[in-house]
Amino acid sequence: MTSNKLSPEMQEFVTERHLASLTIVTSKGRPHVTPVGFTWDGETQLVRVITWAGSMKAKILERAGTPMKAAICQVDGGRWVTLEGTAIVTAEKDRCEEGTKRYAKRYSEPKDRGEERRVIELTVERVLGRA
């Protein structure tokens, strides 16, 4: 399935406790792939990944200074979903708190990163998968 919306089955799938991979296409055209936990906000079509300032994913996005192409892919057996779009990283307190709150609900309470907390926000433009 390819569209810009999640099916009801996919919406359920992205609330289950699974890890995923985040792929960021760097300015040199190379993919940077890393395992992550993420949350889905269907209302805003936004994926959130919490991280910290020193992580490579945060550094890549921060250095770019502009949204970069990225994708989140979650797999469980024959079920899978890829959420493609553009990603940014922010240290904005309200946005980091929202990302952390959502992460805690889906996974578990994350380590306190204080001022180092960052959140990656991926605005979804295309959805692929089967759940």
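Helix α2 (56-64) has the buried residues Lys57, Ala58, Ile60 and Leu61. Buried means under 20% relative accessible area, exposed over 50% and partly exposed in between, with a 1.4 Å probe and protein chains only. Helices (H or I, at least four residues) and strands (E, at least two) are DSSP runs, numbered from the N terminus. Down the axis of α2, the buried residues fall within an arc of 160°, so they line one face of the helix; the arc is that of the directions from the helix axis to the C-beta atoms. The face turned away from this buried side carries the exposed Glu62 and Arg63.

This is a predicted model, in which local features need pLDDT of at least 70, side-chain atom pairs count only at pLDDT 80 or more, and totals for chains, interfaces and linings use all residues. Residues are numbered from 1 along each chain as its sequence is written, and side-chain values use heavy atoms, without hydrogens and water.

The buried residues of α2 pack against β2, β3 (31-36), β5, β6, β7 and β8, where contact means heavy atoms within 4.5 Å. Just after α2, Gly65 has a positive phi of about 70°.

The largest nonpolar core has 31 residues, and Leu22 and Phe38 are among those with the most contacts inside it. Such a core is a set of buried Ala, Val, Leu, Ile, Met, Phe, Trp, Tyr and Cys residues joined through side-chain atoms within 4.5 Å. Its largest share, five residues, comes from β8.

Two arginines lie over ring faces. The criterion is NZ of Lys or CZ of Arg within 6 Å of the ring centre and within 35 degrees of the ring normal.

| Arginine | Ring | Distance from ring centre |
|---|---|---|
| Arg106 | Phe38 | 4.6 Å |
| Arg113 | Trp52 | 4.2 Å |
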